[in-house]
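This report describes the secondary structure and packing of the model shown below.

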Amino acid sequence: MQISETAAIVTGGASGLGGATAQALAKNGARVFALDLPASIENAPSVEGVSYVPADVTEPEQVQAAVDTAAAADVPLRIVVNCAGIGPSARILSRKGPHDLALFRKVVEVNLIGTFNVLTLAAAAIAKNDPDPTGQRGVVINTASIAGYEGQIGQAAYSASKSGVIGLNLTAARDLASSGIRVMTIAPGLVDTPMLATVGDEFRATLAESVTFPKRLAKADEFANLALSIITHDYLNGEVIRMDGALRMGPR
């Protein structure tokens with residue numbers, strides 16, 4: 001499926017993986033609607049072809065309004081990349097006591113339910129498109145994590161939420177096949193994003209050394225390039241791609 005002359009929704013689009021993906025799509029001719037929280041949008045760079053839309057992915061009304069805006073563009077909405085997510089750390093049992101249930105619920109709500117919310121509402125709009133010359137109406141790319149396979153200590157909520165995204169992938173691809181919509185998921189490993197910006201250089205070097213090869217943190221641009229490859233590769237559907245340098249996470 002071609003990227004140019006299409007509209008695209010990217011959640012978490014003000015920075016990190018979403019920011020890199022939004023910019024890459026715009027450079028390739030898409031009209032991008034980058035959804036993010038207002039506070040994040042305030043610090044987002046001005047990029048030609050990218051319109052920032054304030055929206056909380058867990059709020060159906062806000063997402064529906066954003067989808068309606070993207071669908072009303074002068075080019076068809078065919079691309080969705082879900083990057084919005086949070087990753088607080090807490091052990092199930094710690095010196096502070098049991099894991100806070102509200103925190104667990106919040107992580108699942110943003111990472112899994114938010115992804116499903118955007119997927120569902122955007123798919124309803126995409127399904128109204130005329131098919132392109134290949135018979136497709138669109139493609140949705142979700143973001144999981146290798147923590148969805150090998151969660152570390154303190155990642156109970158994050159791992160559970162990302163495992164849910166992984167589990168959603170094939171069923172979503174099967175459900176949406178009749179509408180001509182592909183669904184794929186990327187499971188990144190250690191990526192150099194704002195989430196790691198506050199980590200010291202020594203710890204970053206330790207993280208990089210844990211990667212099998214290449215021994216470095218991944219770049220957000222590499223995630224974006226993979227997303228673009230998935231969009232243009234019509235036979236990729238219903239699969240989760242690990243982008244992790246062959247890293248298999250240990251318990252810590």
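## Helix α5

Helix α5 has a kink of about 30 degrees centred on Asn169, where the bend at a residue is the angle between axes fitted to the seven residues ending there and the seven starting there. Helices (H or I, at least four residues) and strands (E, at least two) are DSSP runs, numbered from the N terminus. The model is predicted: local features need pLDDT of at least 70, and side-chain atom pairs count only at pLDDT 80 or more, whereas totals for chains, interfaces and linings use all residues. Residues are numbered from 1 along each chain as its sequence is written, and side-chain values use heavy atoms, with hydrogens and water left out.

The 21 residues of α5 (residues 156-176) should span 30 Å at 1.5 Å a residue, which agrees with the 30 Å between its end C-alpha atoms; the expected span is 1.5 Å times one less than the number of residues. The buried residues of α5 include Tyr158, Lys162, Ile166, Asn169 and Leu176. Buried means under 20% relative accessible area, exposed over 50%, and partly exposed in between (1.4 Å probe, protein chains only). Among the elements that cover these buried residues are α4 (101-126), β7 (138-143), β8 (181-188) and β11 (240-243).

## The parallel sheet

An open sheet is formed by seven strands with parallel pairing, in the order β3-β2-β1-β4-β7-β8-β11. At its edges, β3 (50-54) and β11 each pair on one side only; two strands pair if DSSP finds at least two bridges between them. Neighbouring strands are turned by 20 degrees against each other on average, direction ignored.

Strand β4 (residues 77-82) is joined to β1 (residues 7-11) by five bridges and to β7 by four. Ala8 stands opposite Ile79 of β4, and Thr11 has Asn82 as its bridge partner. Asn82 in turn has Asn142 as its bridge partner in β7. Six of the six residues of β4 are buried, so this strand is largely enclosed by the rest of the structure.

## Helix packing

Helix α7 (residues 220-232) lies across β4, β7, β8 and β11 and runs at about 155 degrees to β8. Axes are lines fitted to C-alpha atoms, for helices over the stretch in contact, and angles run from 0 to 180 degrees between N-to-C directions.

Helix α3 (residues 60-71) packs against α4 at an angle of about 35 degrees, with the axes 10 Å apart. Pro60, Val63, Gln64, Val67 and Ala71 of α3 meet Asn117, Val118, Leu121, Ala122 and Ala125 of α4, contact meaning heavy atoms within 4.5 Å.
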